[in-house]
Amino acid sequence: MVTWKDFATASPDLADTGRALLTQFGVGLAFLATVRGDGAPRLHPVCPVLSRDRLFVLITPESPKRRDLERDGHYALQTFPQPKAGSDEFYLAGTAVRVDGASERAAILRDARHQAHASEIAFELLIDRVMHTRWEDVLTPTMRSVHRTWRAPGS
């Protein structure tokens, strides 16, 4: 697993694409998939935060996502699609780690583009794999997806 900075250093073009898609609506918007206690998937919208070259999510204390991430840590993050056919997609997967340091939390809250609340719990999203999907020949019989992928060293 690596940080966003490590990923961006290894694959700058893919990281630039990911950053643009994560923040395409002015704030970070994505779907976060976690693993429930019974092993079933859970999916919720979140506002990812890029802060000091690292990727975070802020989760309310009552959220089932928080318990999922504290218990298991595995996540998948998928950008919101544009409201048009053939919009690009960006996907990351890895392990989330809770961040409790006061100065780190203050920086994450400061860098959040949404109305984050100080009670929210921060998790850093460490990255194992990434995929960017672009669509060609949209809405034609030859429509196809084109994927660019990246994996962390040793994964």
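The sections below give the basis of the values, then selected pairs.

## Basis

This is a predicted model, in which local features need pLDDT of at least 70 and side-chain atom pairs count only at pLDDT 80 or more, while totals for chains, interfaces and linings use all residues. Residues are numbered from 1 along each chain as its sequence is written, and side-chain values use heavy atoms, with hydrogens and water left out.

## Salt bridges

The structure contains 13 salt bridges (a side-chain nitrogen of Lys or Arg within 4 Å of a carboxyl oxygen of Asp or Glu). One of them joins Arg36 to Asp38, with 2.4 Å between the closest N and O atoms. Arg36 is partly exposed at 30% relative accessibility, and Asp38 is exposed at 54% (buried means under 20% relative accessible area, exposed over 50%, partly exposed in between, with a 1.4 Å probe and protein chains only).

Asp128 and Arg129 also form a salt bridge, at 2.7 Å from N to O. Asp128 is buried, with a relative accessible area of 6%, whereas Arg129 is partly exposed at 33%.

Within it, the side chains of Arg98 and Glu70 meet at 2.2 Å, N to O. This pair links distant parts of the chain, 28 residues apart: Arg98 lies in strand E6 (residues 89-99) and Glu70 in helix H3 (residues 64-71). Helices (H or I, at least four residues) and strands (E, at least two) are DSSP runs, numbered from the N terminus. Arg98 is partly exposed at 39% relative accessibility, and Glu70 is partly exposed at 35%.
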